[in-house]
Structure formats: structure tokens, C-alpha cells
Amino acid sequence: MRFVDVPVAQRIEQRTSNPQVESSSLSGGAFCQLASRAPHYRVNLRAAQFVFLMTDSANYITLGEPLTIAQVVRVARENAPVRLADSARSKIAASRMWVEQIVARGEPMTYGINTGFGVFANVHVSAEQARALMRKLILSHAVGVGDAMPEEVVRAAILIRANALAQGFSGVRAQVVETLVEMLNRGVHPIIPSKGSVGASGDLAPLSHIALTLSTDGEDRDQDSGRAIFRGEHLTGKAAMERAGIPRVMLEAKEGLALNNGTAFSAALVCLAAHDAENLIEHGALAVSMTLEAVRGASHAFDERIQNASHHQGQRQVAARIRELTRASQLVDRAGRVQDAYSIRCAPQVIGAAKDALAYATARLEEEINAATDNPLIFAKDDQGAALSGGNFHGEAVAMASALLAIAVAEVGSISERRTFRLLDGKLNDGLPMMLVERGGLNSGLMMAQVTAAALVSDNKTLAHPDVLDSIPTSANQEDHVPMAANAARHLREIVWNTTQILAIELIAAAQAIDLRLRNEGHGTEMLGVGTRAAFERLRRDVAYLDTDRVMDRDITSAATLVYNRALFDAVDSRVELLRAA
């Protein structure tokens with residue numbers, strides 16, 4: 001994953017504008033780092049300040065109640081406080097009691113409670129060895145490698161894992177869930193290597209790195225506690241938990257297995273990517289609208305009657321958005337063309353299909369983040385119960401959702417780059433200068449910006465290969481089909497980053513073309529549609545007109561930040577509200 005830096009002061013200004021946030025010193029409780037841990041940005045956490053979230057009940061995300069992707073994003077990026085529902089405690093206690101009865105009796109032989117794991121599933125383990133079994137499980141499975149996961153992903157994963165345990169089918173003590181909750185609320189973020197999971201039995205390696213920080217044993221050695229970030233400082237897991245005032249847990253029977261079985265990391269990555277994909281789809285419609293203005297394109301391709309004849313909901317919605325953004329434009333249709341190229345004319349069909357794919361993926365993800373995903377699952381009823389071995393940890397649903405989203409977002413980027421190409425070609429852009437620059441030859445204009453977009457589109461094609469098709473058996477063929485969900489999720493995250501840059505480049509090119517077009521027309525921005533005018537004027541505050549060659553990477557970064565922060569749509573919404581009020 002590649003990043004650009006965003007000034008801490010900029011993030012602080014945005015965060016403190018939220019009326020739900022008040023400044024305070026850190027003394028414990030729920031807090032929020034004043035730095036976005038979005039997939040596109042990195043900040044100096046040591047330099048960042050912190051704030052408390054007000055603790056009224058409306059701000060809390062409650063585990064054991066239905067969890068949404070929007071709530072995952074709030075916890076991951078806005079540090080919304082978390083609590084365990086009272087209703088979940090009785091279910092957790094019932095399943096835990098059943099586990100303790102099995103341990104006390106020593107029978108029946110139950111996977112992961114009194115047996116080994118994987119290929120050792122038929123090896124009996126005594127009650128006296130239960131703690132050692134759980135500790136060894138975590139130590140042996142913490143084998144991740146590679147760059148550390150961003151903190152927002154770690155927070156999302158902790159939340160999703162805690163919510164899975166809160167369903168009451170995992171046989172853990174409430175103390176384990178409450179410790180995960182406290183790690184979120186106090187800001188202890190284990191450092192998790194990004195590679196090493198095949199997605200079944202869930203995300204074993206990354207979740208074990210969380211458990212290293214959460215849990216301990218009689219020796220309580222620093223070197224066995226993993227690494228963690230607390231208030232921007234990199235520490236051992238043990239030191240981070242001590243600084244935060246959170247006691248570490250000695251894991252009892254079944255609890256280690258409950259912590260490291262499940263799809264929490266893969267699901268965390270895909271949930272955040274799905275949230276960002278929704279934003280990119282909306283900006284795809286905006287980019288089409290600005291390009292349509294620049295080339296004086298034909299509006300009838302977006303006519304409601306055509307869209308209704310298709311029966312595709314996403315297509316209808318994208319076309320409606322384009323009509324709304326270009327409403328009252330004096331440039332659209334001015335060229336008198338019968339039709340435009342596919343990259344413009346068929347944009348609702350392409351972006352709309354991505355929107356429909358997102359809707360499907362979102363539904364599957366919200367099922368996953370509310371599921372019990374470890375093994376075995378405990379079904380307790382009064383004094384009776386059963387521990388059933390199954391495969392809810394298998395990340396196939398997450399991997400397939402990730403593959404679908406990867407294709408969808410890559411297509412949004414692919415068609416955007418084609419529009420950028422057309423804007424820059426003097427034979428295709430309705431009479432504008434080649435490379436959208438005056439004194440071409442002396443100046444190269446936006447030539448290389450399109451090259452960058454092309455490189456990113458090509459990168460996306462490789463990254464969008466479905467990882468779910470690439471199963472490699474593990475654990476002596478006991479785990480003979482795995483979904484590679486974590487790989488799929490990491491690749492999707494990179495595609496989202498790439499596509500943000502691709503759309504930023506199109507927006508820059510469209511704005512440059514609009515400036516040149518308005519000069520040709522001898523008029524100002526009053527010729528633009530209601531929405532496109534607001535977006536164009538907001539973009540121009542951060543990205544100036546290119547009158548001569550200059551370093552462009554800063555412009556792309558600025559435009560990508562506007563896309564991520566939705567600043568362009570904030571301007572559009574404000575303009576629409578003003579017009580309605582008038």
C-alpha cells in the first residue's frame with residue numbers, strides 16, 4: 001500500500017468541526033486520534049493530538065446488536081466508542097458454562113477444547129494442559145510477515161472479532177470480549193503483519209498477533225506479547241496494555257481458538273474498501289458530468305426513458321445523478337453531436353453495474369460481520385448443549401465479495417482513464433488544444449498525467465485477478481481448500497487507492513478542459529450545470545489552472561484528497577441547498 005502525507009493540522013480542523021467531539025487531555029476512556037487512518041493517507045501519530053468522544057449512548061457502537069459497515073467505519077476511522085450489550089452477556093455466559101463442564105468431565109472429546117488443532121484434531125489434551133494449549137496455539141500461529149496493517153484495519157478487525165464473540169456461540173468468558181472492547185476504547189492497536197493468512201481457518205496469523213497483546217501466561221514475557229501502538233508510540237504489547245491500564249488475560253479452554261478463528265481481518269479490509277468504493281462510484285458520476293461539460297457532449301444518452309428501459313437500478317441511479325449535476329448546463333448538447341463515445345455515453349451502464357455489485361457485496365459483508373465464525377461453535381440450552389465442528393471460519397463469502405468489488409472498482413477506473421485520454425487528444429476533445437495546454441510543444445500539459453492513469457489501470461487489471469480461485473492446501477491436507485480472502489482484500493484495498501488517483505486525474509483534466517472551453521465560448525462558469533459548477537469551483541481552490549508546465553504530483557494528491565474527503569460533493573450539496581432556499 002502506498003500513501004501520501006496529509007498535514008495533521010488539516011485533519012484536526014476537520015475532526016474538531018464535529019459537534020460530537022470535544023477536546024480534552026488523555027486520562028483514559030474512549031478517545032479519538034485526530035488523524036484520519038484512511039487507506040490513502042498517513043500522518044505522524046506522535047504529532048497528532050487526541051480528543052474524547054462524548055459518551056452519550058447515541059455515540060456507542062453496541063456489540064451483540066446488528067453491526068453495519070457504516071459502524072465499522074465509525075470505529076475504525078472516527079474512534080467511535082464501543083460497548084457490550086447486556087443481552088449478549090447471558091448468551092456468552094451460557095456457552096462458557098458448557099465449555100467448563102466439558103473441561104471438568106474430560107469428555108466428550110471436543111475439538112479445540114480437549115484436543116489439538118488441525119492435523120492434531122484427534123490428539124487428546126487434558127484439563128490441566130488447557131491453558132498451555134491455548135497459549136501455545138497463539139504463540140505458534142503468530143507467524144505473519146510483511147508491512148504492518150494500517151491502524152484503521154486493526155481497529156475494524158478487533159471490532160468484528162469482538163462482535164463475533166458477542167453472538168454467544170464461542171464459549172469464551174465475557175472478560176475476553178470486554179478486553180477487546182477496552183483495547184478499542186483506549187486505543188491499544190496491535191501491530192499486525194499484513195501477509196500470512198489464507199482465509200481458512202479464518203485469518204489465523206493476523207488474529208493471533210492481536211491475541212499476543214491481549215493475552216499472557218505465567219511467565220508474562222515482553223518478547224511474547226507482540227508489538228502495539230498506543231497514543232502514537234510503538235511499544236511491546238505488554239507495555240502498551242500497561243500504559244492503557246488494561247489487564248491482559250490468561251486464556252482458558254477454547255478461548256485462544258475463539259480469538260484466532262474467523263474472518264475478521266479479511267472482512268475488515270473489505271468493509272473499509274466497500275465504504276470507499278461507494279464514494280468512488282459517486283465521484284465517477286461527477287467525473288463523467290464534468291467531462292460531458294468539457295466536450296459539450298450529448299445529454300440524451302442519460303435520458304430517463306433509456307435508463308428505465310434497462311431495468312438496472314444502479315444504471316438508473318447513476319444516470320439520474322449525472323442529469324442532476326449537469327442541470328441547467330449551457331455547454332451540454334452545444335456541439336450538436338448525435339452521440340458520444342462509449343466511455344461517456346455508456347458511463348451509467350458501467351458505473352451502474354459497479355453500484356449494483358457494491359450492493360450485493362455489502363449485503364454479504366454485513367451478514368459476515370454479524371456471524372459467529374470460529375470452530376467449534378457452542379450451542380448451549382439449559383444444562384444441555386453441543387459443540388459442533390463446522391466451517392464458518394472459511395472466508396469464501398468475503399473472498400467472493402472482494403473479487404466482485406475489485407472488478408467493479410477497477411472498471412470505474414478503467415472507463416475514467418478512457419475519458420481522460422479523449423480529453424487530451426485534440427482530435428477527440430471537440431476542438432480543444434492537444435494535451436489541454438496552450439503553447440503545446442514548449443509545454444507537455446497533462447500528457448504524463450494520463451500516462452500515470454494508464455499505469456494504474458494496468459495495475460488494477462493484475463490486482464483484480466480473483467484470488468479466491470487460487471487455493472493451496474495447508475495443514476497436511478486437512479485444510480485442502482482455502483479462499484485466499486486476505487490476499488483478495490489487500491488487493492482490493494490497493495485497487496481502491498489506484499482508482500482514487502485515476503478519478504483525481506480525470507477531474508483535473510476535465511477542469512482544465514472546462515477552463516479552455518469557457519475561454520473559447522467567451523463566458524464564465526455560469527455556463528456550467530448547477531452541480532458541475534460547484535464542483536469545478538471547489539476543485540479550483542486547491543488545483544490551479546495549468547497555464548504552463550509545473551510539477552503535477554501535488555495537484556493529483558490535492559484532487560485525490562478532495563475525492564476522499566468528499567469536499568467536491570459538499571460544495572455541490574451546499575449550492576443545491578442555496579438554490580432551494582432562494
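This is a predicted model: local features need pLDDT of at least 70, side-chain atom pairs count only at pLDDT 80 or more; totals for chains, interfaces and linings use all residues.
Of the 582 residues in the chain, 57% are buried. Switch to cartoon and you have 20 helices and 16 strands to find your way through. If you draw contacts with a separation of 6 or more, 78% of them come from residues 24 or more positions apart.

**Stop one: α10**

Select residues 264-294, which make up helix α10. How far apart are its end C-alpha atoms? They sit 45 Å from each other, and that agrees with expectation, because 31 residues at 1.5 Å a residue should span 45 Å. Now colour the helix by accessibility: α10 is mostly covered, with 28 of its 31 residues buried. Before you leave, click on Arg 296, which follows α10 and has a positive phi, near 55°.

**Stop two: α7**

Next, pick residues 204-214 for helix α7. Here 11 of the 11 residues are buried, so the helix is largely enclosed by the rest of the structure. Walk along the side chains and you'll pass buried residues including Leu 204, Pro 206, His 209, Thr 213 and Leu 214.

**Stop three: Lys 254**

Now go to Lys 254, in the loop between β14 (249-250) and α9 (255-260). Is this lysine buried or exposed? Lys 254 counts as buried because its relative accessibility is 0%, and the cut-off for buried is under 20%. Show its side chain and look for Pro 376: the backbone oxygen of Pro 376 lies 3.3 Å from a polar atom of the Lys 254 side chain.

Then bring up what else touches Lys 254, leaving aside residues up to four places away in sequence. Among the residues it touches are Arg 96, Val 99, Gly 112, Ile 113 and Met 134. Ser 170 and Gly 171 also touch Lys 254, as do Asp 374, Asn 375 and Ile 378.

Zoom in on Val 123, which you'll find in the loop between α3 (86-105) and α4 (130-141). Val 123 is partly exposed, since its relative accessible area is 43%, and partly exposed covers the range between under 20% for buried and over 50% for exposed.

How values were computed: Residues are numbered from 1 along each chain as its sequence is written. Side-chain values use heavy atoms; hydrogens and water are left out. Helices (H or I, at least four residues) and strands (E, at least two) are DSSP runs, numbered from the N terminus. Buried means under 20% relative accessible area, exposed over 50%, partly exposed in between (1.4 Å probe, protein chains only). Contact means heavy atoms within 4.5 Å. The expected span of a helix is 1.5 Å times one less than its number of residues. A polar contact is a pair of N or O atoms within 3.5 Å; within protein, one must be able to donate a hydrogen and the other to accept it, and residues adjacent in sequence count only if both atoms are side-chain atoms.
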